[in-house]
Amino acid sequence: EYDGFQLSPGITIGCVHVEKLTPELFWEQYVSQRKPVLIKGHLRDKSWKATSLWTDEHLISKAGAADLLVEHRRGVGDKFGSGRKVG
């Protein structure tokens, strides 16, 4: 069972602007390393209404068949943060 991220003493959380963040960079530097990051900025698309539009049903209807990068766990006792990609 994942116990949550515990920040070690003396460690700071990185910061990246949304315009410089790609899915690959986000996976490689943060997700696979199980490393928190503050993402600054916002999408500049004026029609973006994520806070009201992004329900589970909406995302499934728009991207339900999309490929995702996920991290593989070998079993219930395996912790996240090992960097093992699936697919």
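This is a predicted model: local features need pLDDT of at least 70, side-chain atom pairs count only at pLDDT 80 or more; totals for chains, interfaces and linings use all residues.
How far does the backbone oxygen of H58 lie from a polar atom of the side chain of S61? Residues are numbered from 1 along each chain as its sequence is written, and side-chain values use heavy atoms, with hydrogens and water left out.

**View 1. The whole fold, from end to end.** Welcome to the overview: the protein has three helices and four strands, and from the N terminus on its elements run β-α-β-α-α-β-β. Helices (H or I, at least four residues) and strands (E, at least two) are DSSP runs, numbered from the N terminus. Of the 87 residues in the protein, 9% are buried. Here buried means under 20% relative accessible area, exposed means over 50%, and partly exposed is in between (1.4 Å probe, protein chains only).

**View 2. Strands β1 and β2 with the helix that joins them.** Residues 14-17 form β1 and residues 37-40 form β2; these strands pair in the parallel sense over four bridges. Strands count as paired if DSSP finds at least two bridges between them. The chain gets from β1 to β2 by way of helix α1 (residues 23-31), in a right-handed β-α-β crossover. Right-handed means that, with the strands pointing away from the viewer, the path from the first strand over the helix to the second runs clockwise.

**View 3. The loop between α1 and β2.** Two residues are worth a visit here. S32 lies in this loop and is buried, at 8% relative accessible area. A polar atom of the S32 side chain lies 3.1 Å from the backbone oxygen of E28. That is a polar contact, meaning a pair of N or O atoms within 3.5 Å; within protein, one must be able to donate a hydrogen and the other to accept it, and residues adjacent in sequence count only if both atoms are side-chain atoms. R34 is found in the loop too, and its relative accessibility of 33% makes it partly exposed. R34 is not a glycine, yet its phi is positive, at about 50°. Most residues other than glycine have a negative phi.

**View 4. S61 in helix α3.** Now for the opening question: the backbone oxygen of H58 lies 2.8 Å from a polar atom of the S61 side chain. S61 belongs to helix α3 (residues 56-63). With a relative accessible area of 56%, S61 is exposed.

**View 5. L7, in the segment before β1.** L7 is found in the segment before β1 and counts as partly exposed because its relative accessibility is 40%. The C-alpha atoms of L7 and K35 are separated by 9.4 Å, although these residues are 28 apart along the chain.
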